[in-house]
Amino acid sequence: MKITLTEFVTLDGVSQGPGSPDEDTTGGFTRGGWLVPHLDETFVRRTSEWLDLADGLLFGRRTYEAFARDWPKITDPADPYAARMNSLPKYVVSNTLTEGTWHPTTVLGGDPARSVAALRARPGRELQIHGSARLGDTLLAAGLIDTLRLVIAPTVLRTGRRLLSGQGATSGLRLVGHEATPNGLLLLEYEPAGQASQGHYEGVAEFVGGQG
């Protein structure tokens with residue numbers, strides 16, 4: 001299976017608490033709910049299409065517990081995500097959980113990279129990570145992320161937990177899809193392209209001289 005990482009993020013890189021003010025108040029964070037004012041039909045359609053590609057969902061413990069608490073309560077058949085979120089196989093990377101409450105759930109213990117690599121080798125389409133930024137960061141550094149999908153909101157918070165802020169090797173990315181929604185969200189899709197490149201800026205001419 002391909003492993004895809006989908007993250008909501010502000011212009012200044014905050015990924016904490018996009019859905020409501022009380023979603024994640026870790027560290028005294030009070031500025032949650034920043035994504036909601038920008039939701040629109042284009043966002044719902046595209047993210048629903050992404051979810052259609054999933055054969056399983058992968059979580060870190062904290063995100064799993066929040067989703068397991070909230071998603072089973074959403075039973076409206078008109079909701080574009082709930083039926084699939086609740087029925088897809090779930091895998092949670094944790095050395096403290098022994099079983100899950102959001103069925104069907106499999107707990108993956110031990111080293112995260114090794115456990116996920118074994119799961120990734122199974123046949124299937126996409127194994128999707130939604131949130132779980134720290135797990136996503138670990139897997140990106142380990143070379144286990146095949147696609148990174150970012151939804152960037154036009155807002156600056158200046159506080160909160162940043163996305164992909166862990167230690168490790170650099171990551172280069174290749175843009176493979178992009179779209180702007182009417183309410184100003186940027187939907188960006190990347191594939192990893194080895195380590196981040198570096199170079200020297202010596203003027204614009206070298207970049208445009210070969211064109212035409």
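Okay, let's start with one side chain, Arg 46, which is partly exposed, at 23% relative accessible area. Keep in mind as I go that this is a predicted model.

So who does Arg 46 pair with? One partner is Glu 49: the two side chains form a salt bridge, with N to O at 2.1 Å. Both residues are in helix H1, three residues apart, which means about one helical turn separates them. Glu 49 is partly exposed too, at 35% relative accessible area.

Then there's Glu 179, whose side chain makes a salt bridge with Arg 46 at 2.8 Å, N to O. Glu 179 is partly exposed, with 23% relative accessible area. In general, oppositely charged side chains can pair when their charged atoms come close.

How many salt bridges are there by this rule? The count is twelve. Another one to look at on your screens is Arg 69 with Asp 70, where the closest N and O atoms are 2.8 Å apart. Arg 69 comes out as partly exposed at 46%, and Asp 70 is also partly exposed, with 33% relative accessibility.

The largest nonpolar core has 25 residues, and the ones with the most contacts inside it are Met 85 and Trp 102. Which elements give two or more residues to this core? Those are H1, strand S2 (54-60), helix H2 (61-70), helix H3 (82-87) and strand S6 (147-153). There's a second, separate core as well, with 24 residues, including Met 1, Val 9, Leu 135 and Ile 145. As a general point, nonpolar side chains in soluble globular proteins tend to be buried together.

Let's zoom in on Trp 102. If we skip neighbours within four places in sequence, Trp 102 touches Phe 59, Tyr 64, Phe 67, Ala 68, Trp 71, Pro 72, Met 85, Asn 86 and Lys 90. Met 85, as I said, is the other residue named for having the most contacts inside that core.

Now a loop residue. His 38 sits between strand S1 (2-10) and helix H1 (41-52). Buried or exposed, then, for His 38? Buried: its relative accessibility is 16%, and the cut-off for buried is under 20%. Again leaving out neighbours within four places in sequence, His 38 is in contact with Ala 153, Pro 154, Thr 155, Asn 183 and Leu 185.

Last stop, the surface. Tyr 201, Val 204, Phe 207 and Val 208 make a nonpolar patch there, with about 440 Å² of accessible area together. Val 204 comes from the loop between strand S8 (186-192) and helix H6 (205-208), and is partly exposed at 48% relative accessible area.

A word on confidence before you build anything on that patch. The mean pLDDT of the protein is 93, with 98% of its residues at 70 or more. Where is confidence lowest, and where is it highest? It's lowest in H6, with a mean of 73, and highest in S6, at 98.

Conventions
Residues numbered from 1 in each chain as written. Predicted model: local features only at pLDDT ≥ 70, side-chain atom pairs only at ≥ 80, totals over all residues. Heavy atoms only, no water. Patch = residues over 30% accessible without salt bridge, like charges linked within 9 Å, V, L, I, M, F, W, Y side chains within 5 Å. Areas by Shrake-Rupley, 256 points an atom, 1.4 Å probe, with all protein chains shown as cover. Salt bridge = Lys/Arg side-chain N within 4 Å of Asp/Glu carboxyl O. Helix = DSSP H or I, 4+ residues; strand = E, 2+ residues; numbered from the N terminus. Buried < 20%, exposed > 50% of the residue type's maximum accessible area, 1.4 Å probe, protein only. Contact = heavy atoms within 4.5 Å. Core = buried A, V, L, I, M, F, W, Y, C linked by side-chain atoms within 4.5 Å. pLDDT = per-residue confidence, 0-100.
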